[in-house]
Amino acid sequence: MPVPNAEIADRLDRLADLLDIEAANPFRVRAYRRAGRLVRELPREVTEMLASGEPLDALPGIGTDLAATIAALAHGEMPPRLAEAEQALPAGVVALLTLPGLGPKRVRVLHEALGIDSREALAAAVRAGRLRGVPGFGSVMERKLLAALAAGPALPGRVRLADVETLAASLLAWLRASPGVERAELAGSFRRRCATVGDLDLVAAARAPAPVMERFVAFESVSRVLLRGPTRASVVLRDGLQVDLRVVADVSFGAALCYFTGAKPHSIALRRIAQAQGCKLNEYGLFRDRRRLAGRTEADLYRTLGLPLIPPELREGTGEIAAARAGRLPLLLTRADLRGDLHVHTVANDGPASLADMVRAARRQGHAYVAIADHCGRVGAAGRLDPTGLGRQMDAIARLNATLDDLTVLAGCEVDILEDGSLDLPDDVLHRLDLVVAAVNTNFDLPSDRQTERILRAMDHRDVTILAHPSGRRIGRRPAYGLDLERVMRGALERGCFLEVNAQPDRLDLDDSHCRLAKAMGLKIAISSDADAPAELAFLRFGVDQARRGWLAADDVLNTKPLAELRALLRRP
Ligand code: DGT
Ligand code: CA
Ligand code: CA
């Protein structure tokens, strides 16, 4: 595989960063940085130049040494310089570079002044207030670092959808405020609401693209410009996220938006339909000969292709076009269809909000009901209710319900499924609750068949109503444990209990394809926030995104039902 210039340039930047942290000779650091920029902007691939025998040291500012380094990188080798530099610094120090706002200079200050050599050491130092007084580290920086550290190590190359939302919104606002921008939208996997995104894609309509490009690369958190042409640009933001922009004329905006929303299999299928009609489809529009038949809006485009507008969440090339043609697209669930939340926690699990706080926040969400499902167990522990504590909470819920007329609080619990499939609460306690959320919170590494049996056994329990976060994945941290989810779903259907889409942005579990499987089986799904704090009640919308990607309509979801109907569903036949 020939190594592309962008990759060679990244390595040169990395070398410059490492030397910079080490406080190496600033001239050398600058030479590597300049080389990085040069390679990135070369009109030709370095690998091609080498293949045709063109000397690299003929390039401006590139001496024999640098030429050898670049050639090694182009051959996919690790140049000794880079290997030495990587080894000279503890890996933990180098890893700090991936945190937002931490460039080599700041990392050096942290290492030299405070001896910080890992994320953990940095987190401890921030919490202890040791960064205060260090030049260049204000309170804003402190907060930013804490947030980034809490978010955990990055996914290789992908970011959780929720983690880019704020940024995506400010980028879009920034672009829409550009002179001459008539319309702008986010496209790509972000618009399709994928659980994680590789990069962000933006499409804008403007008569003159140049000022839009200018403004785009001037966005405050842009750290590098990868590509800047007349109508397209790619930049990397300081936290490493790439953003692509395409600017087209207003008559093409719908076509460009559709093209850059993808996904590729969907776009290919659309192009095939166009061809079958003797037309051509590209990012500029749908054409017959030279005449543009459609392209200003997506609705227009799909209509002209003989299709209804297909929601972006369904555009994966997994049967949506055939369904659209047959008039069988589902009417997808929306957040407004949800009437309540079936899994939230309180201060009893060490959250910041009391029962009353959480209920008030649920009412602000517009909910008609909310189920309190704190972690409980036979033996109490800090941050966990024992049967007596749970009993007291049930009394408090009853008192609270007597004072509320527009919202009902359901008494529930989150109970651990033990290794043998039994539940960590006595039967009589479980039986008194309105709803029981059962969860695997330990023993993730059982063999698949034993994990499946364990969960089926737990569901044998007549009072279990919902299986929480069924696959156990934590995006970017832990894969799903081995289990036969289809068997678990069938088991739930037979027994009259349900599975959850846990809407925490790092869970989204069930995932989109599981939702589709459940729907095909006729198994209804709960969408739950699993909120630990009032602000997290709003996570429901991330669950809705995945449910929509899984083709779910309102009727497929438990908590779209009015309370009376919900209660009937929760009672097993
Ligand atoms: P991601 O970024 O990995 O989460 O996934 P996407 O779907 O956002 O993929 P991305 O960013 O590579 O491209 C966005 C859409 O734009 C993709 O669905 C297809 C379309 N697209 C981008 N570049 C090209 C291209 O060069 N040719 C074609 N046919 N389509 C492209
Ligand atoms: Ca993308
Ligand atoms: Ca892209």
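**Exercise 1.** How far is an oxygen atom of ligand 1 from an N or O atom in the side chain of R192?

*Solution.* The model is predicted, and local features need pLDDT of at least 70, side-chain atom pairs count only at pLDDT 80 or more, and totals for chains, interfaces and linings use all residues. Residues are numbered from 1 along each chain as its sequence is written, ligands are numbered from 1 in the order in which they are written, and side-chain values use heavy atoms, without hydrogens and water.

Step 1. For R192, the distance is 2.9 Å; a polar contact is a pair of N or O atoms within 3.5 Å.

Step 2. A polar side-chain atom of S189 lies 2.5 Å from an oxygen atom of the ligand.

Step 3. At G198, a polar backbone atom is 2.8 Å from an oxygen atom of ligand 1.

**Exercise 2.** Determine which helix gives the most residues to the shell around ligand 1.

*Solution.* Step 1. The ligand is surrounded by 15 residues, each with a heavy atom within 4 Å of it.

Step 2. Helix 13 gives the most, with three residues; helices are DSSP runs (H or I, at least four residues).

**Exercise 3.** Identify the elements that each supply at least two residues of the lining of the largest cavity.

*Solution.* Step 1. On a 1 Å grid over the protein atoms alone, a cavity is a set of points where a 1.4 Å probe fits but cannot get out, and lining residues have an atom within 4 Å of a point.

Step 2. The elements are helix 13 (253-261), helix 14 (264-276) and strand 8 (280-282); strands are DSSP runs (E, at least two residues).

Step 3. Among the lining residues are Y259, R271 and N282.

Note on methods:
On a 1 Å grid over the protein atoms alone, a cavity is a set of points where a 1.4 Å probe fits but cannot get out, and a pocket is an open set with protein on both sides within 12 Å along at least five of seven lines; lining residues have an atom within 4 Å of a point. A polar contact is a pair of N or O atoms within 3.5 Å; within protein, one must be able to donate a hydrogen and the other to accept it, and residues adjacent in sequence count only if both atoms are side-chain atoms.
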